[in-house]
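This briefing covers selected packing features of the structure shown below. The points are grouped by topic.

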Amino acid sequence: MALPAVLFFGIFALIPLFGVVVISFMEWNVLGSPSWVGLSNWQAVLFDRPFTWTALGLTITFVIGSYLFQAPVALLLGVFMAGQQRYRALLAVLYFLPLLFSSVAVGLTFQSLFSPNYGLSAALPFDWLPNDWLSNSDLVMWVMIFVVGWCFVPFHGLLYQAGVRQIPQSMYEAATIDGAGRVRQFFSITIPQLRYTIITSSTLMLVGSLTYFDLIFVLTGGQPANAVRILPLDMYVTGFSSYNLGYASVIAVILVAIGLTLSLLLNIISGSSKMESDKAGA
Amino acid sequence: MMTHTASTQSATPDAGKALNPEVPGFEHRDVKQNKVRRTGAPGEKPNLLGGLGGWLWLAIIILPIYYIVITSFRTSEDLRSSNQLLPTTNPTLAPFIKVIQNDFLHYFTNSLIVTLSTVAVVLAVSVMAAYYIARSTTLGGRRLFQIILLGIAIPVQATIIPVYYLIQQLGLYDTLWALILPQIAFAIPLSVLIIVNFVRDIPAELFESMKVDGAGEWKILTALVLPMAKPALMTVGIYQALQVWNGFLFPLVLTQSSDVRVLPLSLWEYSGQFGIDVPATLAAVVLSALPLLVVYMLARRHIVAGLTAGFGK
C-alpha cells in the first residue's frame with residue numbers, strides 16, 4: 001500500500017538528499033559526466049573563495065532581518081484576525097491574497113513598483129524618497145527582506161490566528177475580572193499560550209528564509225548584485241549560471257547542515273514547553 | 001457556492017465526532033471556537049491601535065496588487081507620462097491581447113496538465129500510504145512514518161542539483177515529466193501527514209466490521225477510507241495544487257523550451273521578451289493569478305485550512 005509513495009519519495013527526494021553530498025566531492029560542469037575530485041571542492045569553496053563567507057554573512061543578515069520583520073507582524077496580525085469583529089474577518093480574506101501569487105509574479109510586481117523610472121518613486125512627490133531601491137547596495141537587502149515578508153507574513157498570520165483561537169476565552173475573562181488590561185493580557189496569556197505555535201512558525205520562518213531565493217532571483221533579474229547574493233542564490237548562480245555544480249553542491253550541503261542544526265536547536269528548546277502544553281490539554 | 005463548501009466541510013467532521021467525541025477534525029474545532037468567541041466579549045472597548053495596524057497592513061498588501069491591476073490597462077507610453085498610482089484615463093486591453101497572442105494559453109495548458117497530474121498522483125499514493133501507516137501496528141510502519149515526516153524538512157533548493165542530474169539521466173530533461181515526478185515526491189510528506197491524522201480519527205470498529213464482512217484491503221480503502229478522508233483530500237489537493245501551480249524552481253532548472261513552459265516560467269520569459277512594455281508583463285502577472293483568485297473565492301476555507309493543517313497543531 002505504501003510502496004508507490006515510498007518509491008516516489010525515495011527516488012526523487014531522499015536519494016537526491018544523499019546525492020548532493022556525493023556530488024559535492026565531484027567535478028561536474030553540466031556537459032560532461034561528474035568525476036571524483038575528493039575534497040578539492042570543499043577546499044576551494046571554504047578556503048580559497050572569500051565570497052562564500054561574505055555570502056554567509058549576507059544570509060545571516062537576511063535570515064535574522066526577515067525574522068525580526070515577519071515574526072512580530074505575523075503574531076500581531078494573527079491576534080488581530082482572531083478577534084471577533086466582523087470587519088476583521090473581511091480583512092483576513094484580503095490579507096491572504098499574496099499567497100495566491102507565484103514568486104515570479106511578486107518579483108515582477110515589486111520590480112516594477114521599485115523601478116527608478118516609474119512606479120512608486122515617480123508617483124510619490126517626495127524628494128527624500130530614494131528611487132534606486134533595487135540597485136543601491138545599502139538599501140537592496142532591506143527591500144528584499146520587506147518583499148519576502150510581504151509574501152510570507154500572511155501564512156504565518158494564519159498559523160497564529162489558528163493558535164489564538166485555541167486559547168480558552170475564559171482565561172481572558174478571568175484576567176479582565178482581575179483588572180488586567182489588553183497589553184498585560186497579551187504578554188501574560190496570549191504569548192505563553194502560543195508557545196507551540198511560536199516555535200513552529202519560527203522554525204518555518206528561519207529555515208524557510210535560509211533556503212528561499214526565488215524572489216531575490218527574480219527581483220535582481222537573475223543577475224544578483226553581490227549585496228544580496230545570499231547562500232542559496234549563490235548556490236544557484238554557481239551551479240546553473242557558472243556551471244560549477246561541484247561547488248554549488250558544497251554550498252547546498254552547507255545549507256542543509258545549517259538548516260538541520262537550526263531545526264534541531266528549536267526542537268530542543270520547544271521540547272519542554274511542548275510537553276507542558278500537552279498536559280494542559282491544548 | 002461558498003456556503004455550500006463550508007457546510008459540506010463541517011458536516012463530515014461532525015459525523016466523525018458523533019462516533020468518536022475524543023478526536024474532532026481540526027476544521028470543526030476552528031468553526032466551533034469561532035462561534036464561542038463571536039458571542040464572547042460583549043461591551044469590550046474597541047482596540048484603536050489594533051484596528052489602525054490592521055488597516056495599515058491591508059494598505060501594504062493591497063497597494064502592489066492595485067498597482068499591477070491598474071497598470072495592466074495602460075499603454076507603455078502612458079506608464080511614463082502619468083501618475084502610476086492613479087487609474088489611467090484611457091484604459092486599453094492591448095497588454096492582455098499581447099499576452100494572449102504570445103502563447104499564454106499554451107503555457108496555461110501546460111500548467112494545468114502538470115498541476116492536475118501531480119495532484120492526482122499525490123492524492124492517490126498518499127491516501128494509500130496514509131491508510132497503511134494509520135492502520136499499521138508494526139515497527140516498520142512507525143519507522144516509515146518517521147522517515148516521511150523527516151521529508152517535510154528537506155529543502156527543495158538544496159536537492160535541486162541531484163534532481164537535475166537524475167532527470168537528465170532518465171532522459172526526461174525538458175519534458176513535463178521532469179516537472180511532475182519530482183513535485184509528486186516533494187508533496188508526499190506533508191500530504192501523508194495530514195491524511196494520516198484524518199484516517200486515524202476513523203473509529204477502529206468500522207475497519208473491524210468491514211473485515212468481518214470479508215472486505216479486502218482495496219475494498220476498505222475505496223469504500224471506507226476514501227469517503228471518510230474526503231475533507232482531508234480536498235484540503236491536501238487544493239494546497240498542493242497551489243504549490244505546484246506557482247512553483248518556479250523546478251521549471252527554471254528542469255525545462256528549457258517554450259513547448260513545455262509553465263506559467264511562472266512564462267512570466268519570467270515575458271518580462272525579458274516584452275522589455276519596456278511593462279503593462280504587458282504585468283497583464284501576464286494578473287492573468288496568471290486570476291485562476292487562483294477564482295479558486296480562492298470558491299474554496300477559501302479549504303485553502304486556508306490546507307495551509308495551516310500540517311503545522312497548525
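In this predicted model, H156(A) touches Q70(A), A74(A), S201(A), L204(A) and M205(A), leaving out residues up to four places away in sequence.

**H156(A)**
- H156(A) is part of helix 7 of chain A, which covers residues 140-165.
- The relative accessible area of H156(A) is 3%, so the residue counts as buried, the limit being under 20%.

**Largest nonpolar core**
- The largest nonpolar core contains 190 residues.
- Those with the most contacts inside this core are Y95(A), F96(A) and F217(A), together with I161(B) and L254(B).
- Helix 9 of chain B (residues 176-199) supplies the largest share of the core, 17 residues.
- Domain 1 (51-92) and domain 2 (104-313) of chain B each contribute at least three residues to this core.
- I161(B) is in contact with I23(A), W28(A), M235(A), F240(A), L245(A), A248(A) and S249(A), its neighbours within four places in sequence being left aside.

**Helices 12 and 15 of chain B**
- Helix 12 (residues 230-246) and helix 15 (residues 278-298) of chain B pack with their axes 12 Å apart, at an angle of about 175°.
- Because angles over 145 degrees count as roughly antiparallel, helix 12 of chain B is roughly antiparallel to helix 15 of chain B.
- Helix 12 of chain B makes the contact through L242(B), W245(B) and N246(B), and helix 15 of chain B through S288(B), P291(B) and L292(B).
- Of the residues in this contact, four are nonpolar, two are polar and none is charged.

Methods
Residues numbered from 1 in each chain as written. Chains lettered and ligands numbered in written order. Predicted model: local features only at pLDDT ≥ 70, side-chain atom pairs only at ≥ 80, totals over all residues. Heavy atoms only, no water. Core = buried A, V, L, I, M, F, W, Y, C linked by side-chain atoms within 4.5 Å. Buried < 20%, exposed > 50% of the residue type's maximum accessible area, 1.4 Å probe, protein only. Helix = DSSP H or I, 4+ residues; strand = E, 2+ residues; numbered from the N terminus. Domains from an automatic or database assignment. Contact = heavy atoms within 4.5 Å. Axes fitted to C-alpha atoms, helices over the stretch in contact; angles between N-to-C directions. Parallel < 35°, antiparallel > 145°, perpendicular 65-115°, else oblique. Nonpolar A, V, L, I, M, F, W, Y, C, P; charged D, E, K, R; others polar.
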